Amino acid sequence: MRFDLRLFGTTGDGVACQADVVVYATGVKDMQKQADAAARTAAWMASAPPGDPIPEGAHITIERVEKL
């Protein structure tokens with residue numbers, strides 16, 4: 001199954017950020033594993049306008065996930 005997800009998180013500096021990812025999985029546990037892998041390579045953007053990109057390698061803590 002295909003899951004379109006929006007990940008919300010916070011950087012180590014306290015900047016709120018988000019990333020949209022697409023995950024293909026066979027179940028919930030597989031989806032969590034695939035979403036974690038996708039989060040590591042996702043293009044993270046700051047949540048507040050103008051939505052500046054978050055530098056690659058930044059420490060991001062995922063706080064919640066929404067299904068798009």
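In this predicted model, four strands make up an open sheet, laid out in the order β3-β2-β1-β4 with antiparallel pairing. That leaves β3 (45-46) and β4 (60-67) as the edge strands, each pairing on one side only. As background, strands in a sheet are held to one another by backbone hydrogen bonds, in either a parallel or an antiparallel sense. Here β2, spanning residues 16-24, runs antiparallel to β3 and is joined to it by 2 bridges. Within this pair of strands, Q18 stands opposite M45 in β3. Helix α1 (residues 28-41) packs on the sheet, where it touches β1 (2-11), β2 and β4. The direction of α1 makes about 125 degrees with that of β2.

Turning to the side chains, the ring count is quickly told: there are 0 aromatic pairs in the structure. An arginine does find a ring, though. R64 has its charged end over the ring of F8, 3.9 Å from the ring centre.

The largest pocket holds about 280 Å³. Its lining is made up of 13 residues, and A39, R40, W44, A58 and I60 are the ones nearest the centre. Both α1 and β4 put at least two residues each into the lining of this pocket. The largest share belongs to α1, which supplies 4 residues of the lining.

The last feature is in the backbone. Most peptide bonds are trans, but the one from P49 to P50 is cis, with omega near 10 degrees.

Conventions. Residues are numbered from 1 along each chain as its sequence is written. This is a predicted model: local features need pLDDT of at least 70, side-chain atom pairs count only at pLDDT 80 or more; totals for chains, interfaces and linings use all residues. Side-chain values use heavy atoms; hydrogens and water are left out. Two strands pair if DSSP finds at least two bridges between them. Contact means heavy atoms within 4.5 Å. Axes are lines fitted to C-alpha atoms, for helices over the stretch in contact, and angles run from 0 to 180 degrees between N-to-C directions. Rings of Phe, Tyr and Trp (its six-membered ring) pair if their centres lie within 6.5 Å; planes under 30 degrees apart count as stacked, over 60 as edge-to-face and the rest as tilted. A charge sits over a ring if NZ of Lys or CZ of Arg is within 6 Å of the ring centre and within 35 degrees of the ring normal. On a 1 Å grid over the protein atoms alone, a cavity is a set of points where a 1.4 Å probe fits but cannot get out, and a pocket is an open set with protein on both sides within 12 Å along at least five of seven lines; lining residues have an atom within 4 Å of a point. Grid points are joined across faces, edges and corners, and a volume is the space filled by probe spheres set on the points.
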